[in-house]
Amino acid sequence: MEPVISANTIRFHYGKHHRTYVDNLNKLVAGSEFAEMSLGDIILATAGEADKASIFHNAAQVSNHNFYWNCLRPGGGGQPPASLKQKIDVAFGSVEACKKELSAAAVAEFGSGWAWLVMNGGKLQIQKTSNADTPLTQGLTPLLTIDVWEHAYYLDYQNKRVDHVNAVIDKLLNWEFALQNAG
Ligand code: FE2
């Protein structure tokens, strides 16, 4: 992922942050009704339940990160495959406009969260979510995401979230994965 994301950032982000969400979730669900459930089912069963907030937060962060790593690839960015580009042109006018809206959402998210390209009943949209929240709980289909928690960029970019976001969009976004998710 270098030079867009350093090995050091991946070491902490994947090896510590993501890992901790997995470990916490496993501890929280051990022996409970959630122990044998899929991650997606845990998220839907605990969303909005105040007494299940810790389970939701950790399950959603595991899911968000599993998804996020697939959204990045060395040599990514550039143009989406033709069939996806067509859908993007319909929704946003152009790929450039789509990227601009995704970047703006990622930069505008106040505090920690995620920016998403999602499919809403066949139409593409940009969304942002706070903290661990995921579009899955709104019945939307995520195609791509960018993690804008500080742990995703602070070691490499410090306060310059916009530079990180634009470099990810230009050089790492995995449009083939987005196409797979679009079905
Ligand atoms: Fe993260």
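Helix H8 is followed by Gly-183, a residue with a positive phi near 75 degrees. The model is predicted. This briefing covers helix H8 and then some backbone features elsewhere in the chain.

**Helix H8 and its buried side**

- H8 spans residues 175–182, and its buried residues are Trp-175, Phe-177, Ala-178 and Ala-182.
- These residues lie on the same side of H8, because the arc they cover around the axis is only 155 degrees.

- Most residues other than glycine have a negative phi.
- Asn-131 is not a glycine, yet its phi is positive, near 50 degrees.
- Asn-131 sits in the loop between strand E2 (123–130) and E3.
- With a relative accessible area of 42%, Asn-131 is partly exposed, because that class lies between the cut-offs of 20% and 50%.
- Gln-158 is another residue that is not a glycine and has a positive phi, here about 50 degrees.
- The loop that holds Gln-158 runs between helix H6 (154–157) and helix H7 (161–171).
- Gln-158 also counts as partly exposed, at 34% relative accessibility.

**Cis peptide bond**

- Most peptide bonds are trans.
- The bond joining Glu-2 and Pro-3 is cis, with omega about 5 degrees.
- Pro-3 belongs to the segment before helix H1 (7–29).

Conventions
Residues numbered from 1 in each chain as written. Predicted model: local features only at pLDDT ≥ 70, side-chain atom pairs only at ≥ 80, totals over all residues. Heavy atoms only, no water. Buried < 20%, exposed > 50% of the residue type's maximum accessible area, 1.4 Å probe, protein only. Helix = DSSP H or I, 4+ residues; strand = E, 2+ residues; numbered from the N terminus. Arc of directions from axis to C-beta.
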